[in-house]
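Please open the structure in a viewer and keep the selection tool at hand.

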Amino acid sequence: MKNYDPVKAIYAVIITLVSLYALYITSAFYYVLILSALFAYVIHPVYSFCFRFVKRKHTCAMIPLGAIALLIVSSGIMAVKALMNEISRILEIPNTLNGFANMDLRRIVGLFEPFIQTHPGKLTESIGAYFNSLVTAYVPEIQNNIFQISTGLSILIVELIVIVVLTYYLLVESETIATELPNLFPDRKVGVVFLGELNYIYQSLFIVYFLTCLLTGILGGILYWVLGVPYPLIWGIVTFIMALLPVVGAGAVYGLLALYYVLIQDFFTAGALIFLGIILLSLVPDFVIRPRLARNRAEIHPAITLVAFAAPVFVIGPIGVIIGPLTYGFLLAAFRTKNILGIPPVQTRSSAASSIEDSVERTIEKAVERPVEASSDHIFSPEVNP
């Protein structure tokens, strides 16, 4: 074979095998890497805003991560406190679990003495023996479940730590990554156009979507507080989480709360929740907040958004809420890039080339935000000259 070099061939085979093995041993962490990249992308606007004032990358990366951690911890503490308060109220009600727990089992069984032939003492021993055998029989399964839960919790904690650390470093190196990504394409100008379209689409699918759901949760918390719903902050957080699910939406929260108030015959609060909930938590986010946050260039049909977020859930589970938009957004960016760089068949080669050049230049100027200059001490720090 012409120009065949066995050393280069062996080198290529070794590199290929090692690369495949690296992909294999990292396969369990794929979704961790995806989540890290997505979180870094979503909170990058906050990082950029902080960088305007602080001018220290590491500090600016810690600010949004610390704020999110503080919000999660405080919300968890409030949720646990509210749950404990409600449980304590239930246990204080007469003739509930607390009342039965304080009664002697023999006394309870003795109430049925006129109707049974077995002596209450023997019946109590039989019941105790039955519960003892039941617990003994299920001890191995209970221990196995506890072991599985503890193992899964340990893995989850490690994954969360990895996500936080990777997100931190992705934020710190975001400018360098933005500078080098176009160089991964065979044609750098095509890469710039594609990444610009991908950025706009992902902004609409993730950042605008996330901010809209966040504002929906804030409006929900204010609405619940005004109407006197207990724990409005917690219900506002639940509304934000439900708003992230396109098929469910915020209506599942204020609808269930309205049903609760109907059951306790508080029809005014129930009607106010339905009426104001539809206006403030359904119509305003979709027709006022989202259009103002979204850029016209990145407008995506609501049907595509619904399919992107909902359909993958039925195939790959909850992670589909993230994988779906990433996949559909990638394909949509490729389609738009093809349309931007499309060449009419009647053009000559020279005019077609100039048309592509002009289209790319216009797209770079209008659609692509020029990345901030990379750090001078980084190994990849060439100038970006699209």
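**Helix packing and aromatic pairs**

The crossing of H8 and H14 is right-handed, a crossing being left-handed if the near helix is turned anticlockwise from the far one by less than a right angle, and right-handed if clockwise. This is a predicted model, in which local features need pLDDT of at least 70 and side-chain atom pairs count only at pLDDT 80 or more, while totals for chains, interfaces and linings use all residues. Residues are numbered from 1 along each chain as its sequence is written, and side-chain values use heavy atoms, with hydrogens and water left out.

Select residues 188-227 for H8 and residues 320-340 for H14: the two helices pack at about 140°, and their axes are 8 Å apart. Helices here are DSSP runs (H or I, at least four residues), numbered from the N terminus. Axes are lines fitted to C-alpha atoms over the stretch in contact, and angles run from 0 to 180 degrees between N-to-C directions. H8 and H14 are therefore oblique to each other; angles under 35 degrees count as roughly parallel, over 145 as roughly antiparallel, 65 to 115 as roughly perpendicular and the rest as oblique.

Next, display the side chains between them. The H8 residues in contact (heavy atoms within 4.5 Å) include Val190, Phe194, Tyr202 and Phe206, and those of H14 include Ile322, Pro325, Phe330 and Ile340. By class, this contact of H8 with H14 has 16 nonpolar, two polar and two charged residues. Ala, Val, Leu, Ile, Met, Phe, Trp, Tyr, Cys and Pro count as nonpolar, Asp, Glu, Lys and Arg as charged, and the others, Gly among them, as polar.

Rings of Phe, Tyr and Trp (its six-membered ring) pair if their centres lie within 6.5 Å; planes under 30 degrees apart count as stacked, over 60 as edge-to-face and the rest as tilted.

Move to H2, residues 30-54, and select Tyr47 and Phe51, which lie four residues apart, about one turn of the helix. Their ring centres are 6.2 Å apart and their planes are at 25°, so the pair is stacked. Tyr47 counts as buried at 1% relative accessibility (buried is under 20% relative accessible area, exposed over 50%, partly exposed in between; 1.4 Å probe, protein chains only).

Finally, select Phe49 and Phe53, also in H2 and four residues apart. This pair is edge-to-face, at 5.2 Å centre to centre and 65° between the planes. Phe49 is partly exposed at 47% relative accessibility, and Phe53 is exposed at 62%.
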